Amino acid sequence: MKLTLVTVSAGSDRAIDSLAGEYLKRTSRYAPVEELALKTEREFLERVEREQKEGAVLLVLLDSRGKLLTSEEFAAALGGARDGGKRRALLAIGPPDGWSPETLKLADLTLSLGRMTLPHQLARLVLAEQIYRAFTILAGHPYHSGH
Ligand SMILES: C[S@@+](CC[C@H](N)C(=O)[O-])C[C@H]1O[C@@H](n2cnc3c(N)ncnc32)[C@H](O)[C@@H]1O
(Lines give C-alpha, C1' and ligand atoms only; values in the text may rest on other atoms or scores of the structure.)
Protein backbone atom coordinates (compact mmCIF):
# COMPACT_ATOMS: atom_id res chain seq x y z
CA MET A 1 0.00 0.00 0.00
CA LYS A 2 1.48 3.31 -1.08
CA LEU A 3 0.94 6.25 1.29
CA THR A 4 0.41 9.85 0.26
CA LEU A 5 0.43 12.61 2.85
CA VAL A 6 -1.52 15.47 1.29
CA THR A 7 -1.59 19.05 2.57
CA VAL A 8 -4.17 21.42 1.10
CA SER A 9 -2.39 24.71 1.70
CA ALA A 10 -0.68 27.47 -0.25
CA GLY A 11 2.24 27.75 2.16
CA SER A 12 5.11 25.60 3.40
CA ASP A 13 7.83 25.89 6.02
CA ARG A 14 11.44 24.83 5.49
CA ALA A 15 12.00 23.66 9.06
CA ILE A 16 8.85 21.50 8.90
CA ASP A 17 9.77 20.23 5.40
CA SER A 18 13.00 18.91 6.81
CA LEU A 19 11.47 17.23 9.89
CA ALA A 20 8.45 15.80 8.08
CA GLY A 21 10.79 14.62 5.30
CA GLU A 22 12.91 12.76 7.86
CA TYR A 23 9.88 10.88 9.26
CA LEU A 24 8.68 9.98 5.80
CA LYS A 25 12.17 8.82 4.81
CA ARG A 26 12.14 6.54 7.85
CA THR A 27 8.63 5.35 6.96
CA SER A 28 9.84 4.40 3.47
CA ARG A 29 11.73 1.46 5.07
CA TYR A 30 8.29 -0.06 5.65
CA ALA A 31 6.06 1.29 2.87
CA PRO A 32 6.37 3.53 -0.19
CA VAL A 33 5.41 7.08 0.81
CA GLU A 34 5.23 10.50 -0.85
CA GLU A 35 4.05 14.00 -0.02
CA LEU A 36 1.76 16.13 -2.09
CA ALA A 37 0.89 19.81 -1.63
CA LEU A 38 -2.36 20.93 -3.29
CA LYS A 39 -3.85 24.40 -3.39
CA THR A 40 -7.58 23.65 -3.20
CA GLU A 41 -10.09 21.12 -1.94
CA ARG A 42 -11.33 20.77 -5.54
CA GLU A 43 -7.85 19.64 -6.68
CA PHE A 44 -7.85 17.15 -3.81
CA LEU A 45 -11.23 15.72 -4.81
CA GLU A 46 -10.02 15.30 -8.40
CA ARG A 47 -7.01 13.42 -7.09
CA VAL A 48 -9.22 11.17 -4.92
CA GLU A 49 -11.42 10.38 -7.91
CA ARG A 50 -8.39 9.49 -10.08
CA GLU A 51 -6.93 7.25 -7.40
CA GLN A 52 -10.26 5.49 -6.80
CA LYS A 53 -10.49 4.65 -10.51
CA GLU A 54 -7.14 2.85 -10.24
CA GLY A 55 -8.02 0.71 -7.21
CA ALA A 56 -9.05 0.60 -3.56
CA VAL A 57 -8.10 3.67 -1.54
CA LEU A 58 -8.08 4.30 2.21
CA LEU A 59 -9.12 7.93 2.69
CA VAL A 60 -8.10 9.50 6.01
CA LEU A 61 -9.13 13.13 6.49
CA LEU A 62 -7.65 15.11 9.36
CA ASP A 63 -10.14 17.15 11.37
CA SER A 64 -9.94 18.34 14.98
CA ARG A 65 -13.54 17.15 15.53
CA GLY A 66 -12.76 13.69 14.17
CA LYS A 67 -12.00 10.42 15.89
CA LEU A 68 -9.39 10.35 18.65
CA LEU A 69 -7.22 7.22 18.33
CA THR A 70 -4.24 5.88 20.21
CA SER A 71 -1.10 5.31 18.14
CA GLU A 72 -1.78 1.56 18.35
CA GLU A 73 -5.33 2.07 17.01
CA PHE A 74 -4.02 4.23 14.18
CA ALA A 75 -1.41 1.57 13.38
CA ALA A 76 -4.17 -1.07 13.34
CA ALA A 77 -6.24 1.05 10.94
CA LEU A 78 -3.28 1.39 8.52
CA GLY A 79 -2.26 -2.25 8.93
CA GLY A 80 -5.83 -3.44 8.36
CA ALA A 81 -6.13 -1.41 5.17
CA ARG A 82 -2.74 -2.64 3.89
CA ASP A 83 -3.51 -6.28 4.69
CA GLY A 84 -7.06 -5.90 3.35
CA GLY A 85 -5.71 -5.04 -0.09
CA LYS A 86 -5.96 -1.24 -0.29
CA ARG A 87 -3.66 -0.09 -3.08
CA ARG A 88 -3.20 3.42 -1.72
CA ALA A 89 -3.80 5.44 1.46
CA LEU A 90 -4.42 9.16 1.17
CA LEU A 91 -3.97 10.97 4.49
CA ALA A 92 -4.90 14.60 4.12
CA ILE A 93 -4.66 17.89 6.02
CA GLY A 94 -7.53 20.15 5.03
CA PRO A 95 -7.84 23.68 3.64
CA PRO A 96 -7.64 26.85 5.81
CA ASP A 97 -11.37 26.74 6.63
CA GLY A 98 -11.33 22.99 7.21
CA TRP A 99 -12.98 20.29 5.02
CA SER A 100 -16.45 20.84 3.64
CA PRO A 101 -19.18 18.55 5.08
CA GLU A 102 -19.53 16.87 1.63
CA THR A 103 -15.83 15.97 1.53
CA LEU A 104 -15.86 14.72 5.12
CA LYS A 105 -18.61 12.24 4.14
CA LEU A 106 -16.18 10.55 1.71
CA ALA A 107 -13.68 9.66 4.45
CA ASP A 108 -13.08 6.10 5.65
CA LEU A 109 -11.65 7.69 8.78
CA THR A 110 -11.89 11.27 10.04
CA LEU A 111 -8.90 11.56 12.35
CA SER A 112 -8.32 14.08 15.13
CA LEU A 113 -4.86 14.79 16.52
CA GLY A 114 -6.52 16.44 19.54
CA ARG A 115 -9.34 18.90 20.07
CA MET A 116 -7.13 21.98 19.69
CA THR A 117 -6.75 23.49 16.22
CA LEU A 118 -3.22 23.22 14.81
CA PRO A 119 -1.78 25.20 11.91
CA HIS A 120 -1.40 23.18 8.70
CA GLN A 121 2.32 22.65 8.98
CA LEU A 122 2.22 21.44 12.57
CA ALA A 123 -0.63 19.04 11.78
CA ARG A 124 1.45 17.78 8.83
CA LEU A 125 4.49 17.18 11.04
CA VAL A 126 2.51 15.36 13.76
CA LEU A 127 0.80 13.22 11.12
CA ALA A 128 4.17 12.36 9.49
CA GLU A 129 5.54 11.26 12.87
CA GLN A 130 2.43 9.20 13.68
CA ILE A 131 2.59 7.46 10.30
CA TYR A 132 6.20 6.49 11.04
CA ARG A 133 5.25 5.42 14.58
CA ALA A 134 2.37 3.33 13.20
CA PHE A 135 4.70 1.37 10.93
CA THR A 136 7.21 0.77 13.74
CA ILE A 137 4.31 -0.58 15.85
CA LEU A 138 3.23 -2.89 13.00
CA ALA A 139 6.84 -4.07 12.60
CA GLY A 140 7.42 -4.55 16.36
CA HIS A 141 10.28 -2.01 16.25
CA PRO A 142 11.19 -0.58 19.71
CA TYR A 143 10.71 3.09 18.59
CA HIS A 144 7.29 2.97 20.24
CA SER A 145 7.46 2.11 23.91
CA GLY A 146 3.72 2.51 24.43
CA HIS A 147 3.81 5.62 26.65
C1 LIG B 1 -5.60 25.44 10.21
S2 LIG B 1 -6.63 24.05 10.18
C3 LIG B 1 -8.24 24.65 9.78
C4 LIG B 1 -8.90 25.16 10.94
C5 LIG B 1 -10.35 25.53 10.71
N6 LIG B 1 -10.37 26.92 10.40
C7 LIG B 1 -11.10 25.21 11.95
O8 LIG B 1 -11.26 26.08 12.78
O9 LIG B 1 -11.45 24.03 12.09
C10 LIG B 1 -6.27 23.27 8.69
C11 LIG B 1 -6.33 21.79 8.74
O12 LIG B 1 -5.40 21.32 9.70
C13 LIG B 1 -5.83 20.07 10.20
N14 LIG B 1 -5.91 20.15 11.66
C15 LIG B 1 -5.71 21.21 12.45
N16 LIG B 1 -5.83 20.87 13.74
C17 LIG B 1 -6.11 19.55 13.77
C18 LIG B 1 -6.33 18.61 14.81
N19 LIG B 1 -6.31 18.95 16.07
N20 LIG B 1 -6.58 17.33 14.46
C21 LIG B 1 -6.62 16.96 13.17
N22 LIG B 1 -6.41 17.80 12.14
C23 LIG B 1 -6.15 19.08 12.44
C24 LIG B 1 -7.19 19.77 9.58
O25 LIG B 1 -7.02 18.91 8.48
C26 LIG B 1 -7.64 21.16 9.13
O27 LIG B 1 -8.55 21.06 8.07
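Predicted model: local features only at pLDDT ≥ 70, side-chain atom pairs only at ≥ 80, totals over all residues.
By class, 11 nonpolar, 7 polar and 3 charged residues make up the lining of the largest pocket.

**Stop 1: the largest pocket.** Select Leu62, Asp63, Ser64, Thr117 and Leu118. Of the 21 residues that line the largest pocket, these are the closest to its centre. The volume here is about 380 Å³. Now colour β3 (57–68), β5 (109–112) and α5, the elements that give two or more residues to this lining. Which of them supplies the largest share? That is β3, with 4 residues.

**Stop 2: α3 against α5.** Stay with the two helices and show α3 and α5 as cartoons. Their axes come within 8 Å and cross at roughly 75 degrees. Angles from 65 to 115 degrees count as roughly perpendicular, so α3 and α5 are roughly perpendicular to each other. To see the contact, show side chains for Ser71, Glu72, Phe74, Ala75, Leu78, Gly79 and Arg82 on α3. On α5, the partners are Leu127, Gln130, Ile131, Arg133, Ala134, Phe135, Ile137 and Leu138. This contact divides into 9 nonpolar, 3 polar and 3 charged residues.

**Stop 3: α1 against α5.** Keep α5 (residues 120–139) on screen and bring in α1 (residues 14–27). The two pack at an angle of about 15 degrees, with their axes 9 Å apart. Angles under 35 degrees count as roughly parallel, so α1 is roughly parallel to α5. Is the crossing left-handed or right-handed? For α1 and α5 it is left-handed.

For the α1 side of the contact, select Ile16, Asp17, Leu19, Ala20, Tyr23, Leu24, Arg26 and Thr27. Across from them on α5, pick Gln121, Arg124, Leu125, Ala128, Glu129, Ile131, Tyr132 and Phe135. By class, the residues of this contact are 10 nonpolar, 2 polar and 4 charged. Before you close the viewer, look again at Ile131 and Phe135 of α5, which are also among the residues in contact with α3.

Note on methods: Residues numbered from 1 in each chain as written. Heavy atoms only, no water. Axes fitted to C-alpha atoms, helices over the stretch in contact; angles between N-to-C directions. Parallel < 35°, antiparallel > 145°, perpendicular 65-115°, else oblique. Left-handed = near helix turned anticlockwise from the far one by under 90°. Contact = heavy atoms within 4.5 Å. Nonpolar A, V, L, I, M, F, W, Y, C, P; charged D, E, K, R; others polar. 1 Å grid on protein atoms, 1.4 Å probe; cavity = no way out; pocket = protein on both sides within 12 Å on 5 of 7 lines; lining within 4 Å. Points joined across faces, edges and corners; volume = space filled by probe spheres on them.
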